[in-house]
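Please view the sequence and the structure together.

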Amino acid sequence: MEILPAIQQRRSVRAYTAQPVPEAQLQAVLEAARLAPSARNLQEWRFVVARDAAVRARLAAAANHQAFVGQAPVVIAGCAVKTDYVMRGGQLAYPIDLAIALDHMTLQAAAAGLGTCWIGSFFEDEVRQALGIPAAARVVCLLTLGYPADSAKPQNRLPAEKIIAYERWAF
């Protein structure tokens, strides 16, 4: 099993074809999220899958009118139902747990030849209204999913020596 090729292939896709995502591929992406680890195994995440064009258009408007959000054949809202657990290190668990689950989704999608884009710029109340999400749940992120319309450019990443130190902080 090799995961590095999917990591190297993954890009933020902002242009999608109209080709629908096969149900089996969508279910595999969702299963990747379901299997993700979470703090204290709370599994506080919930995912709302939007495939209807009108709903996706509302989500695009809620995401600062980013048209590509509505262009993607699937938009997934990552939500949290338990938002008060603070880990011993002082961090809220739910944003981290949702980040892990969404990363699992993006890698499964990349391995299947699908593109994704993590959307953090949105108006939470508008997303709630579009998807019928109750006020007790937090909308943490949106994820677009579909077939890329074009080839993605390689990502510029810092060299390892700029981001990794051993035994002591050395930056």
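## Basis of the report

The model is predicted, so local features need pLDDT of at least 70 and side-chain atom pairs count only at pLDDT 80 or more, while totals for chains, interfaces and linings use all residues. Residues are numbered from 1 along each chain as its sequence is written, and side-chain values use heavy atoms, with hydrogens and water left out.

## Packing of H3 and H6

Helix H3 spans residues 53–62 and helix H6 spans residues 124–131. Helices (H or I, at least four residues) and strands (E, at least two) are DSSP runs numbered from the N terminus. The two helices pack at an angle of about 175°, and their axes are 9 Å apart. H3 and H6 are therefore roughly antiparallel to each other, a term for angles over 145 degrees; angles run from 0 to 180 degrees between N-to-C directions.

In this contact (heavy atoms within 4.5 Å), Val-55, Arg-58, Leu-59, Ala-61 and Ala-62 of H3 meet Glu-126, Val-127, Gln-129, Ala-130 and Leu-131 of H6. The residues of the contact comprise 7 nonpolar, 1 polar and 2 charged.

## Nonpolar cores

The largest nonpolar core has 23 residues. A nonpolar core is a set of buried Ala, Val, Leu, Ile, Met, Phe, Trp, Tyr and Cys residues joined through side-chain atoms within 4.5 Å, where buried means under 20% relative accessible area (1.4 Å probe, protein chains only). Leu-59, Val-127 and Leu-131 are among the residues with the most contacts inside this core. At least two core residues come from each of H3, helix H4 (67–71), strand E2 (74–80), strand E3 (115–119), H6 and strand E4 (138–146). Another core, of 21 residues, lies apart from it and includes Ala-33, Leu-98, Met-105 and Cys-141.

Arg-128 lies in H6 and counts as buried, at 11% relative accessibility. Its side chain reaches the backbone oxygen of Ala-137 at 2.4 Å. Glu-124, also in H6, is buried with a relative accessible area of 18%. The side chains of Glu-124 and Arg-128 make a polar contact at 2.8 Å; a polar contact is a pair of N or O atoms within 3.5 Å, and within protein one must be able to donate a hydrogen and the other to accept it, with residues adjacent in sequence counting only if both atoms are side-chain atoms.

Asp-125 of H6 is exposed (over 50%), with a relative accessible area of 55%.

Conventions
Parallel < 35°, antiparallel > 145°, perpendicular 65-115°, else oblique. Nonpolar A, V, L, I, M, F, W, Y, C, P; charged D, E, K, R; others polar.
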